[in-house]
Amino acid sequence: MVINCRVNNAMDPFGFHFNFLPEKGNAMSISRRSFLKAGVITAGAVASAGLPVKASAADKGEALCTLLDIRKCIACEACVEACREVNEEKFPEPKGAMPEMVPRDRVKIADWSSEEKREVSDRLTPYNWLYIQTAEGQYNGEDFEIHIPRRCMHCQNAPCSKLCPFGAAFIEPNGIVRIHPDVCMGGAKCKNVCPWHIPERQSGVGLHLDLLPQYAGNGVMYKCDRCYNRLAEGELPACIEVCPEEVQQIGSRTEMVKKAHALAKEIGGFVYGEKENGGTNTIYVSPVPFELLNQSIEKGPGKPHLAAAADVMASTNNWAAALAVAPVAGIAGALLQARSMARKLDGKGR
Amino acid sequence: MRYHDERSPSRWIYRAAVVLALFTGFGNMPLYGRYYIGDLPLLAWSGDFLANVKVHYVAGAILVAMGVYYLITYFRGYARRQLTAMGRLRALLLALTLLSGLVMALKNLPGVFFPMGLLMSMNFLHMGAAVFFMLASLGALVLRAGWLRWAR
């Protein structure tokens, strides 16, 4: 199936190319639009105007969340193919030789742009934002083989966005976590702080080439953007649209969490993603415990785990209490100093 | 005439907090792992982004507390001591850095989202103000210019 998705660049008020938005009438046919009501459409309307989506746009709709019933996945990779096709326009296109990075032993070039490497589909890469993991084993005395579509979890309080030093990674009010390719320096801090190390780097592209290409930055980080441009047009993300088994559903987080629990109860299954890293907008339901799946799946670079993930931002935010107390401490100190001075003056007066 | 009290422990607390805040501020960019700073003895924590942020918060909190304290005591004693030109410049830049820093810390809380334009603007305002504050502080150090002078 070929999916066409023409793009144009809209400028944001800060002079950056902000959105890659599809023109009407060029995307694939629409189905299951009923999942996407006011929230998405409102957010999409603002986004299509080329403006950062305002928080108020989310007032009418909660963050979008996907629910994956992984019992249904047959590893046909239709979602992987569709993802690559619709997002091809967003993929990096390095021009010329890769810069000589300094220091060479610390800064490795990550180049996935060769024809051969672009085709890699068994892990996450800058050209492959979704892949299928497979877990095999025994549970309750029965053999299982389960396939799990893996991509960015779109965390509710995404550390990649909250800790990006340049603001290149950001969270839209509809819950989509994106990395802006024109702003990202490729330092991979987002990958470092992500509990699943999802974003993947392509060297030889991006803003850093115009600044200090050898000494700061190293390309651009790429990951699933939940087909934000398709959502802005009221369409489904490509991976959901093409899935012949209807593995994924998308809707408000409250609704998806409710459905996930109902499904888990019905099949005696398990939920992953609801509470991981403080809560994500990708929820998996499996008939087999995720600890078992995690033991079985291949993990490593570009191959995220399925283990429990503590809330990365929680410990950081606990320390922010110091900042809340600080002004009070300052005022208290000044009052104590004033009282001490008054006493001294009183003593002199006597 | 300059108002100067080198013996005051608050001066040293302020200096330590400024150095720590600037050091961890730069450490919020992926630099220390790349340029071996995290390999130095006692500085391994600086290569850890999350540890860096926490230390940055503590240094920032010390500066906010001191800022509020001096703001109040300054206006109370305004008739006797006034800010020098270098003092005014540094106070302005420090205030900008701290205020934008507080907004950035607020942004890290769950449920708080900034549109990308605002997020970038705050990032660059915070970084820019901090760098200019660092330069102004170095200038004041070289010129031996104090913060306060006795009022005429």
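Among contacts in chain A between residues at least 6 apart in sequence, what percentage join residues at least 24 apart? The share is 63%, where two residues are in contact if their C-beta atoms, placed from the backbone, lie within 7 Å.

This is a predicted model, in which local features need pLDDT of at least 70, side-chain atom pairs count only at pLDDT 80 or more, and totals for chains, interfaces and linings use all residues. Residues are numbered from 1 along each chain as its sequence is written, while chains are lettered from A and ligands numbered from 1 in the order in which they are written.

Begin by selecting chain A, which has 11 helices and 12 strands; helices (H or I, at least four residues) and strands (E, at least two) are DSSP runs, numbered from the N terminus. Of its 350 residues, 48% count as buried, that is, with 20 or more other C-beta atoms within 10 Å of their own, C-beta atoms being placed from the backbone.

Next, select residues 131-139 and 142-150 of chain A, which are strand 4 and strand 5. These strands pair in the antiparallel sense over 9 bridges, pairing being assigned if DSSP finds at least two bridges between two strands. Within strand 5 of chain A, His147(A) stands opposite Thr134(A). The two strands form a hairpin with 2 residues between them, and Asn140(A) in the turn has a positive phi of about 55°.

Finally, display chain B as well: 34 of its residues are in contact with 45 residues of chain A. On the chain A side, strand 6 (169-171), helix 5 (189-193), helix 10 (312-319) and helix 11 (321-349) each supply at least two residues. Helix 11 of chain A provides the largest share, 12 residues.

How values were computed: A residue is buried if 20 or more other C-beta atoms lie within 10 Å of its own, exposed if 12 or fewer, and partly exposed in between; C-beta atoms are placed from the backbone.
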